[in-house]
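Have the model open while you read.

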Amino acid sequence: MTAIPQVPKFARLGAALPFWMSLGLVPLAIFVAMQGGWALLLLPLSTWYLFTGLDYFIGLNTKNPDLETPEDQLFWYRLITLLWTPVQLITIFGLMIYVVQTDHLSGFEEWALFAGLGILSGTVGITYSHELMHQKPKLERWMADILMASVLYSHFRSEHLLVHHRYVATPRDPVTARYGESFYRFFPRVLKQCWVSAFNAEKAMLARKGLKWYDKSNPFWMYWALQAGFVLLAAIIGGWWGAFLFSVQAFWAIFQLELVNYVEHYGLTRKHLGDGKYEHVLPRHSWNSALRASNWLLINLQRHSDHHYKPNRRFPLLQTYGEDEAPQLPQGYPLMTMMALFPSIWKKTMNPRVKAWRERYYPEITDWEPYKRATNPLPR
């Protein structure tokens, strides 16, 4: 076997630098807090619109990295995901200290600032947490739990690892958006169902070990403790108003997460084989985008088919697929999530694509109604 040449870490930094662009959002957030007024628009504009514009000019990246790349050559890619946890916490609570000690922002401006921070912690923070929770090192998984607790959505880890990856593109996965379901029906549904399915999944795992749900090994105890700790810290800093601002940030982060979830598998369904069984997950069961700039922002999350094929594969090694293997979105996630806010535009854009996907991969299925309901409920 030919040895893989080792490249010095400093020489590989250049290739990883585009994924570090998210750090530029932090000084922008500080500027927004100091400026107020019109500047409050900059945080959503810099995530949703800036990277959509960059996608238009930079275009696609259809190249696949070498899967034999050694772990040590991914140092600069891993580092950004590890650094983001303290960076996000310092940004949120540092700006909270700033706004409660100054009076140049109105109450509405402070709300808008923390709503913008929610877009930041949802677009970047939760995406990084998603990467970290799939890895084996305990430090990385711990960082993932801290990030999810900072947006009061800790159960996402249990739901994502134990439910979504197992039941994706089936009615048993709450996060798979049904064909014809608007985001405004999807969002309240998943807020309830994801918590329930996550709790039931952990409860079932404990039951298989002969333990009750309230056993100390249930991660929900840690979830609740971390979340309560962050709310308490916000209250110490700013009283009830600080706790409110922290909750505003968390809500918009969750909103952003579920917008992405809505887009990723909309209308896609694995073939039912009978007796509650479905075919194996294939690249065709996720919507993908090879647009370069939005993949920089989302650390290749849009290479979603490969993520479901190899969930613990680190983001710089994720593979992209052509149209013959996986369905492609017409735009990147930032623009698609904006489109999802307008159901008529969304359905006009995506429903014909779902129908074409069905005709291409499952021409033998003429009745898709049974796929709207679960044949086997999740364990309770």
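Buried means under 20% relative accessible area, exposed means over 50%, and partly exposed is what falls in between (1.4 Å probe, protein chains only). One thing to keep in mind: this is a predicted model, where local features need pLDDT of at least 70 and side-chain atom pairs count only at pLDDT 80 or more, while totals for chains, interfaces and linings use all residues. Residues are numbered from 1 along each chain as its sequence is written, and side-chain values use heavy atoms, with hydrogens and water left out.

**Aromatic pairs**

Let's start with the rings. Those of Phe, Tyr and Trp (its six-membered ring) pair if their centres lie within 6.5 Å; planes under 30 degrees apart are stacked, over 60 edge-to-face, and the rest tilted. That rule gives 41 aromatic pairs. Trp-213 and Trp-221 are stacked, because their ring centres sit 6.0 Å apart with the planes at 15°. Trp-213 is partly exposed at 33% relative accessibility, and Trp-221 is partly exposed at 39%.

Phe-220 and Trp-224 make an edge-to-face pair, at 5.8 Å centre to centre and 65° between the planes. Both belong to helix α9, four residues apart, or about one turn of the helix. (Helices are DSSP runs of H or I, at least four residues, numbered from the N terminus.) Phe-220 is buried, with a relative accessible area of 1%, whereas Trp-224 is partly exposed at 32%.

**A salt-bridge network**

On to the charges. A salt bridge here is a side-chain nitrogen of Lys or Arg within 4 Å of a carboxyl oxygen of Asp or Glu, and the count comes to eight. Glu-71, Arg-78, Glu-140 and Arg-314 are linked in a network of them:

| Salt bridge | N to O distance |
|---|---|
| Glu-71 and Arg-314 | 2.7 Å |
| Arg-78 and Glu-140 | 3.1 Å |
| Glu-140 and Arg-314 | 2.9 Å |

The Glu-71 and Arg-314 bridge ties distant parts of the chain together: Glu-71 is in the loop between α3 and α4 (75–101), and Arg-314 is in the loop between α11 and α12, 243 residues apart. Arg-78 in helix α4 and Glu-140 in helix α6 are 62 residues apart. From Glu-140 to Arg-314 the separation is 174 residues.

Which members of the network are buried? Glu-140 and Arg-314 both are, with relative accessibility of 1% for Glu-140 and 8% for Arg-314. Glu-71 is partly exposed at 40%, and Arg-78 is partly exposed at 25%.

Now for the gaps. On a 1 Å grid over the protein atoms alone, a cavity is a set of points where a 1.4 Å probe fits but cannot get out, and lining residues have an atom within 4 Å of a point.

Helices α3 (42–58), α5 (107–133), α7 (156–167), α9 (219–264) and α12 (333–340) each give two or more residues to the lining of the largest cavity. That lining has 22 residues, with Gly-122, Thr-127, Leu-257, Val-260 and Leu-301 nearest the centre.

Helix α7 also has buried residues, among them Phe-156, His-160 and Tyr-167. After α7 comes Ala-169, whose phi is positive, near 60°.

Definitions and conventions
1 Å grid on protein atoms, 1.4 Å probe; cavity = no way out; pocket = protein on both sides within 12 Å on 5 of 7 lines; lining within 4 Å.
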